[in-house]
Each structure stands twice: as structure tokens, then as C-alpha cells.
Amino acid sequence: MPLLRSVARKHPARDPEHTFPFSVPIIRELGELDVSAPVTFLVGENGSGKSTLLEGIATAATLPTVGGQDVSTDDTLALQRQLGRELRLTWRRRTQRGFFLRAEDFFGFTRAIARLRSDLHARLDAVEEEYADRSPYARGLARGPAAASLHELEARYGADFDARSHGQSFLLLFQSRFVPGGLYLLDEPEAALSPQSQLGLIAMLKAMVEQDAQFIIATHSPILLAFPGAAIYSCDEAPPQRVAYDDLESVTLTRAFLQSPEQFLRRL
């Protein structure tokens, strides 16, 4: 069953439609968008507004973020918060489980994990030096808080999270943070994923959907877009229009290219 049923504009006539983000056609002409499918995709060319719409939904839903600042304070989302205040979210069941993730924020997240891990190791080294002449029991007590935090960090993200490839780290993040009954807003998650890893993400999505999770994803990936039963909205049209997978330009173009790449390359 869906958590979030629909997204709509509250007061279209009151919006300053000559300024961003209300000047974006899919925002300006947004009616009511049915997002009740377990997985909803937003597709479109760069600049079509799919990420802006997703960010507006994220600020309206006040979901936690991964890697970035909180949606209520992130300076890069200031204009999207204006949009969020003008969106009406219709819920079947309101949830604070889940998160909002932009691909670019993930790389900041990996750096933060690396810094935290380094700081915890530094604390443990300092304890060893400070308590060198003390009993093992006293050293153990002093090490306890930092050791427990390091154990929890490594249990969730592995002993060397920052040494993994971006794709491996991405999938590990999803594996460790996806929980049943959560709402997940993902902006271009394929950015760090190989085709094989994208199939791995699809497997995770299927497993979480079976546990009542819901996903709204902005993407260019023909692989992710093939998720069975997903609702796909094209943001190249205003308002966004429901489209079939086989009618997507990215799908038809990719198929044509793979069938005869030399024909495309000769034209470049």
C-alpha cells in the first residue's frame, strides 16, 4: 500500500510564476500528480524540472537527508522550500522513515564517514597513550565510547567504507539505510552505478517494496526505468504525463544505438 498518494499545487494563482522554480513549466502547470505506485519515476531532459520537483516534494515531506544538510536549512534548497510550502501532499500514512538523497550529496557523505572513522581511531590512539601506565580495565573503560561508536560505524558501513568503489559504497549505503515502510526520494541514483550495480539496486527496490516501502526516483537510466509495474512520468511535457516504458526516448534511443552504434557515430 502506498504511503504518499499524490502531490498537487495548493494555490497556483498565488505563485510568482515568473521566478524559479515556479517558472519551470512542469511546476507552473502542475495539477495533481498520482504517486501512489510503489515506485514512481520522473524522467526528462536536463533542465526539464524533474529534480526540482523531487526536491520540492522532499522539502514538503521533511524527510531526513543523506550526506547533505537538513532540507530545512540547506542553502541549495532555499527556492525549493518555497515550492515545498506550495505543495499539498496527500498521505495514506504519514511517515518519517526513509530519506532524500541527491547523487552529489553522497560523495560528501562518504567523506564525512571517512573523517568520522579517522577521528574515532585518533581518539583510541590518544586513550592508549594517556592510559599506557594504567590497568587494562581502566584503559577498557576509557576506550569504551569511541570503540563502541567505531564498531557501530563499521558494522553498518564496513571497516573501510571510503576505500570501496563509488558504486559499491552506494549499494552498501542503500543496504544499510533502507528500512520497511519508508519513503525514499532518490535523485539520479544511477550516477555512481555500473549497469550491473543498477540491477543490484533494482533487486533492493523489489525487496523493499515487498516490505511496504515506496520510492520516487528522478532518473535517466533505461535499466532502472524497467522496474516492473513502475509509474513513469515524463517531465518534458507540462504538466508531467504518464508514459509507457517502450515509448521513452531514452529507451528507444539506447536500443537503436546498441543495435547499430556505427550509424550514430558516423554522424558525430
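Let me begin with Arg-102, which counts as buried because its relative accessible area is 5%, where buried means under 20% relative accessible area, exposed means over 50%, and partly exposed lies in between, with a 1.4 Å probe and protein chains only. What we have here is a predicted model, in which local features need pLDDT of at least 70 and side-chain atom pairs count only at pLDDT 80 or more, while totals for chains, interfaces and linings use all residues. Residues are numbered from 1 along each chain as its sequence is written, and side-chain values use heavy atoms, with hydrogens and water left out.

Staying with Arg-102, what does this residue pair with? Arg-102 forms a salt bridge with Asp-74, and the closest N and O atoms are 3.0 Å apart; a salt bridge, by definition, is a side-chain nitrogen of Lys or Arg within 4 Å of a carboxyl oxygen of Asp or Glu. This pair links distant parts of the chain, since Asp-74 sits in the loop between helix 2 and helix 3, Arg-102 sits in strand 5, and the two are 28 residues apart. When I say helix or strand, I mean DSSP runs numbered from the N terminus, with helices being H or I of at least four residues and strands being E of at least two.

How many salt bridges does a search of the whole structure find? The search finds 5, and I will describe two others. Lys-50 forms one with Glu-188, with the closest N and O atoms 4.0 Å apart, and this pair links Lys-50 in helix 2 to Glu-188 in the loop between strand 6 and helix 7, 138 residues apart. Is Lys-50 buried or exposed? Lys-50 is buried, at a relative accessible area of 4%, whereas Glu-188 is partly exposed, at 23%. Glu-188 also has a positive phi of about 50 degrees, although it is not a glycine. The other bridge joins Glu-29 to Arg-28, with the closest N and O atoms 3.8 Å apart; here Glu-29 is partly exposed at 38%, and Arg-28 is partly exposed at 30%.

Let me turn to the aromatic rings. A pair of aromatic rings is described by the distance of the centres and the angle of the planes. In this model, rings of Phe, Tyr and Trp (its six-membered ring) pair if their centres lie within 6.5 Å, and planes under 30 degrees apart count as stacked, over 60 as edge-to-face, and the rest as tilted. By this rule the count comes to 7 aromatic pairs. One of them is Phe-99 with Phe-178, a stacked pair at 5.9 Å centre to centre with 10 degrees between the planes. This pair links distant parts of the chain, with Phe-99 in strand 5 (residues 98-102) and Phe-178 in the loop between helix 6 (166-177) and strand 6 (183-187), 79 residues apart. Both Phe-99 and Phe-178 are buried. Phe-178 also stacks with Phe-174, at 5.1 Å centre to centre and 10 degrees between the planes, and Phe-174 counts as buried because its relative accessibility is 0%. Ring pairs link Phe-99, Phe-174, Phe-178, Tyr-184 and Phe-215 into a cluster.

Next, the backbone. The peptide bond from Phe-20 to Pro-21 is cis, with omega near 5 degrees, and Pro-21 lies in the loop between strand 1 (4-9) and helix 1 (25-28). A cis peptide bond also runs from Ala-238 to Pro-239, with omega near -5 degrees, and Pro-239 is found in the loop between strand 8 (231-234) and strand 9 (241-242). Thr-62 has a positive phi of about 50 degrees although it is not a glycine, and this residue lies in the loop between helix 2 (50-61) and helix 3 (78-85), where Thr-62 is partly exposed with a relative accessible area of 41%.

I will finish with the surface. Which residues make a nonpolar surface patch of about 480 Å²? They are Phe-257, Leu-258, Leu-265 and Leu-268. Patches are made of residues with over 30% relative accessible area and no salt bridge, with like charges joined within 9 Å and nonpolar side chains (Val, Leu, Ile, Met, Phe, Trp, Tyr) within 5 Å, and accessible areas come from the Shrake-Rupley method with a 1.4 Å probe, where for residues only the protein chains shown count as cover. Leu-268 has its place in the segment after helix 9 (261-266), and Leu-268 counts as exposed because its relative accessibility is 84%.
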